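Here's a quick briefing to read alongside the model.

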Amino acid sequence: MQTRRCERIPEHPHSLGTMALVAFAVIWQPDDDLRRSMLFTEEHNRLDILFRPPPLERLLGMRTQQKLVADRDTNRLTPHVEPKDPHAATMYRVAPFVKFPLPLADESEYKWPMSESLPPTPNPAQTAAQTLDETRAALHQGSVEMYEDAELYDHEFSRRRHDVAWYRQLATDMTSVHKRALSIVELASGTGRLLLPLVRDGHQLIGIDRSAQMLSRCQARLRALGKKAVGRALLLQADFRELPLHVEKNDRFRLIVCPFNGLQHLYHREDLERFLSEVRRLLHPDGIFAFDVLNPDLAWLSRSPTRRWSRTRFKHPRTGEKLIYSTNHDYDPATQIQWIRIFYEPDPATPKAQASAPRTIHLSQKLYFPAELTALLHYNGFRLWYRAGGFDGQPLSPVSAEQVICARVR
Ligand SMILES: C[S@@+](CC[C@H](N)C(=O)[O-])C[C@H]1O[C@@H](n2cnc3c(N)ncnc32)[C@H](O)[C@@H]1O
């Protein structure tokens, strides 16, 4: 007689209720990437993350490798090659050649400052210190210029919603875990692209940013939400490397966020260390520090700096002027800094008398590679607690556009 072996159902660390909830999220909300990919549960008194099993993910739909590549390229501005660019020659200057052996100055790493702020021809009398000062000035310029026209910033990123949904879900899940309204700190809060939805969700927010223009737009948008919203938010103008907040040990924040590449304005190791030590000082031992930065893509970073990419026609939201947007950049692999130039030129169809002068905006971004970031977090008292290659919870892969990270104090 054959005996049938009775298989025990393997014990799952999560209760049936939780599994049912996941199944519900998966089946009924296929468009909501976040719910499908990630769920914070209260079980075992800690936050767990449940990943989708890959076959189910394939069944449901569907982000193939090609789609990921396409998404990544759209995210990073799809190239529109313009080989007949009349300005190309003046927009890009070849860097002064590097003499060997390289000087062993403290910060000799800045040997390749490609910014247009450099004089057109190298001056042999120029000291290393002067070059350094110029590089620092160019870096500063690259962290403020883009934020001077806050209305244009909002216009350009008005379609960026996927990250907002993810941070909102994180805050909601943490509220349900801690069973009380959260006080959240947003570093580099800008015009309130995320801060406002969080305030609307009922959280208390402290938004910190260095740009007066971004903050005043945020303030105006807050006022438009009404008195209650204004009462739930505090906006502070400050450098996120030195935060003007002093909290008692027990009042430390359970959620600190720095969305949309804020960390990429930290160009030197010392800057990042000061920033992380401030986060550590304010973060509750059970708290989460959540942020996202670009996942460095060498193919994109090595694009020709002499060409124009991402050519797009648009109307300025305030002036109504029709403009052509395009961009290019230099990437310095030694410092991992990307020197981006964003060109705004009048549409050729605009009559000359009405056309504004072409403008170039500089944006500098430090690129952080995944293992480097993990190490930096580790040596600054944090541990990586969650990492994905996008706001849809996909694991980090060679085609991931972003690194979405939750870190905790270790
Ligand atoms: C890409 S924007 C992100 C804004 C907003 N978090 C969002 O998601 O739209 C980067 C922001 O960082 C701010 N920023 C850059 N360097 C900073 C610094 N050292 N201290 C504080 N804010 C800074 C800029 O003013 C800008 O508002």
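**Strand pairing and the rest**

Strands β7 (residues 283-294) and β13 pair in the antiparallel sense over 6 bridges; two strands count as paired if DSSP finds at least two bridges between them. Bear in mind that this is a predicted model, where local features need pLDDT of at least 70, side-chain atom pairs count only at pLDDT 80 or more, and totals for chains, interfaces and linings use all residues. Residues are numbered from 1 along each chain as its sequence is written.

**Overall picture**

- The chain has 14 helices and 13 strands; helices (H or I, at least four residues) and strands (E, at least two) are DSSP runs, numbered from the N terminus.
- Of the chain's 410 residues, 31% count as buried. Buried is the label if 20 or more other C-beta atoms lie within 10 Å of a residue's own, exposed if 12 or fewer, and partly exposed in between, with C-beta atoms placed from the backbone.
- Take the contacts between residues at least 6 apart in sequence: 65% of them join residues at least 24 apart. Two residues are in contact if their C-beta atoms, placed from the backbone, lie within 7 Å.

- β13 itself covers residues 402-409 and is mostly covered, with 6 of its 8 residues buried.
- β13 also pairs with β12 (residues 382-388), again through 6 bridges and running antiparallel. Here R387 has I405 in β13 as its bridge partner.
- β7 is largely enclosed by the rest of the structure because 9 of its 12 residues are buried.
- β7 pairs in the parallel sense with β6 (residues 253-258) over 5 bridges, and F253 has L283 in β7 as its bridge partner. Getting from β6 to β7, the chain passes through helix α12 (residues 269-282), and this β-α-β crossover is right-handed. Right-handed means that, with the strands pointing away from the viewer, the path from the first strand over the helix to the second runs clockwise.

**Two positive phi angles**

- Most residues other than glycine have a negative phi.
- K179 isn't a glycine, yet it has a positive phi of about 55°. You'll find K179 in the loop between α8 (162-178) and β3 (183-187). K179 has 7 C-beta neighbours inside 10 Å, so it counts as exposed.
- A188 isn't a glycine either, and its phi is positive at about 60°. A188 sits in the loop between β3 and α9 (195-200). With 24 C-beta neighbours inside 10 Å, A188 counts as buried.

**The ligand shell**

- A188 turns up again here: 19 residues surround the ligand, and the closest are A188, G190, R210, S211 and F260. A residue is near a molecule if its C-beta atom, placed from the backbone, lies within 6 Å of it.
- The shell divides into 7 nonpolar, 7 polar and 5 charged residues. Ala, Val, Leu, Ile, Met, Phe, Trp, Tyr, Cys and Pro count as nonpolar, Asp, Glu, Lys and Arg as charged, and the others, Gly among them, as polar.

**Q338 in β10**

- Q338 is in strand β10 (residues 337-346) and counts as buried because it has 21 C-beta neighbours inside 10 Å.
- Leaving aside neighbours within four places in sequence, Q338 is in contact with L301, H329, Y331, S364, Q365 and L367.
- Q338 and K366 are 28 residues apart in sequence, while their C-alpha atoms are 6.2 Å apart in space.
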